[in-house]
Amino acid sequence: MRRGGDTRAPGGASPTVRTDSAGRARLAVLPLLASIVVPLVAAGLRSVLWALAGIAGLALAAVGVWWTLAHTGVLRALGAVLSVAAPVAVLALYATFGMLGPALLSLGLWLLAVTAARTALAPRHTAASRQAFVAAPRTPWILMNPRSGGGKVGRFHLVEKARTAGCRVALLDAGRHQDVAELARQAVAEGADLLAVAGGDGTQALVAEVAAHHDVPFVVIPAGTRNHFALDLGLDRDDPAAALEALTDGVELRVDLGYAADRVFVNNASFGTYASVVTDPAYRDAKARTTLRTLPGLLTGEDAPRLRTRADRTHVDGLQALLVSNNPYGRAVDAARPGRRERLDSGLLGVVCVRVGNTAQAARIVRGPSSGQLIRLNAGVVVVEADTDTLPVGIDGEHVVLPSPVVCRSAPGALRVRVPRRRPGTRASGAAPDWPRVVRLALGRLFRGGRPTCR
């Protein structure tokens, strides 16, 4: 017998939660159907031909991008033209025959459907809800890099604000090499009960490893250029000083750390073309020019890297590039959270493999995972190797060289991260759309237990 105050539906979900999810599922299914009906109404069965024309345009654009990256001279110039001209030509063709409006409307409806499907499947208990309220630290220590993010430390007056909050501040000296990890270890030895970093993701990873080893909380101040780790923690990258609220009004999360051999990463470790590009000394000051100069040799030259990997029991070879991330990234085309990690406590590594060695493979990449050119996996352990004794690796944007093979693993819940209780990016957006499940949820009031409900 239920108590009077318990209004949960069977299975632990409240009727309100279940109704909200069903409503969002219906909001997903209806625009999905509409995105199919709109071109059919506008062009009938010829809409299939228009869809094929769009796919052909994307394939030609992919070929153009490949020629631009993998070749030099005339072929590179042709590739640059083709990568722009192909989609423009398709749009012009659509506009000429009155299909541009229906195509854009269909695309908008599909994006709405995907976003609604993700929110409908959002877990009721997210990583953000598994947080512990904690007391303020007694002797916090923060490392700041004045050069990070174009001088965010000075621009946002982080030194003064951190000291006002009771932090002992250590500033990196641009004029000499300093061992960041050793500075953090010394701070712990001197009694620091919290470590924080105002800098880029590479510096964050070095101090996070020390915090995890000594089991002290860690605070991220997004004072770098990209700050992907801060973004996935829900922090405001446009206001680094707001992260200091974690010291006085904070909650604590347990998140994973990734390891490439003995090196920690909070975001990812990259192998292959990108890792080789960043080894060039000119890359730091001229990224685009250095990338265009070195990529042809790395993609099609005799010394082009060919990687192979084993992700748990899955073997993949012939790879040009490989990205191993601390928890899986969402898809780049995801309408809700493009290129973001849904959670940081899954205990899994995300793996993205790229296998494009010629023009035909570049064209097929528009088919997505079914093409075999772009492979996405999740694994607990990932082994990366090549026919060389060492491998260049980009670890959170920092270049290192590691002995081959490189074993990557996840350390679940290894890091205690303290974040402000109120932060802008904590709303869960759900998993990748599982349309059969969304449809079942949308029809939940009509079908129960697989049988129609009669009145």
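Predicted model: local features only at pLDDT ≥ 70, side-chain atom pairs only at ≥ 80, totals over all residues.
The protein chain comprises 13 helices and 19 strands. Of its 455 residues, 44% are buried. Among contacts in the protein chain with a separation of 6 or more, 69% are accounted for by residues 24 or more positions apart.

No disulfides are present, the count for the structure being zero. Cys167 has a relative accessible area of 8%, and the corresponding value for Cys353 is 0%. Because burial requires a relative accessible area under 20%, Cys167 is classed as buried, and Cys353 is likewise classed as buried.

Two packed helices are described by the angle between their axes and the distance between the axes. For helix α2, spanning residues 46-70, and helix α3, spanning residues 73-96, the packing angle is about 165 degrees and the axes lie 6 Å apart. Since angles over 145 degrees count as roughly antiparallel, α2 is therefore roughly antiparallel to α3. The crossing formed by α2 and α3 is left-handed. Classified by residue type, the contact of α2 with α3 contains 18 nonpolar residues, together with six polar residues and one charged residue.

Key:
Residues numbered from 1 in each chain as written. Heavy atoms only, no water. Disulfide = S-S within 2.5 Å. Buried < 20%, exposed > 50% of the residue type's maximum accessible area, 1.4 Å probe, protein only. Axes fitted to C-alpha atoms, helices over the stretch in contact; angles between N-to-C directions. Helix = DSSP H or I, 4+ residues; strand = E, 2+ residues; numbered from the N terminus. Parallel < 35°, antiparallel > 145°, perpendicular 65-115°, else oblique. Left-handed = near helix turned anticlockwise from the far one by under 90°. Nonpolar A, V, L, I, M, F, W, Y, C, P; charged D, E, K, R; others polar. Contact = heavy atoms within 4.5 Å.
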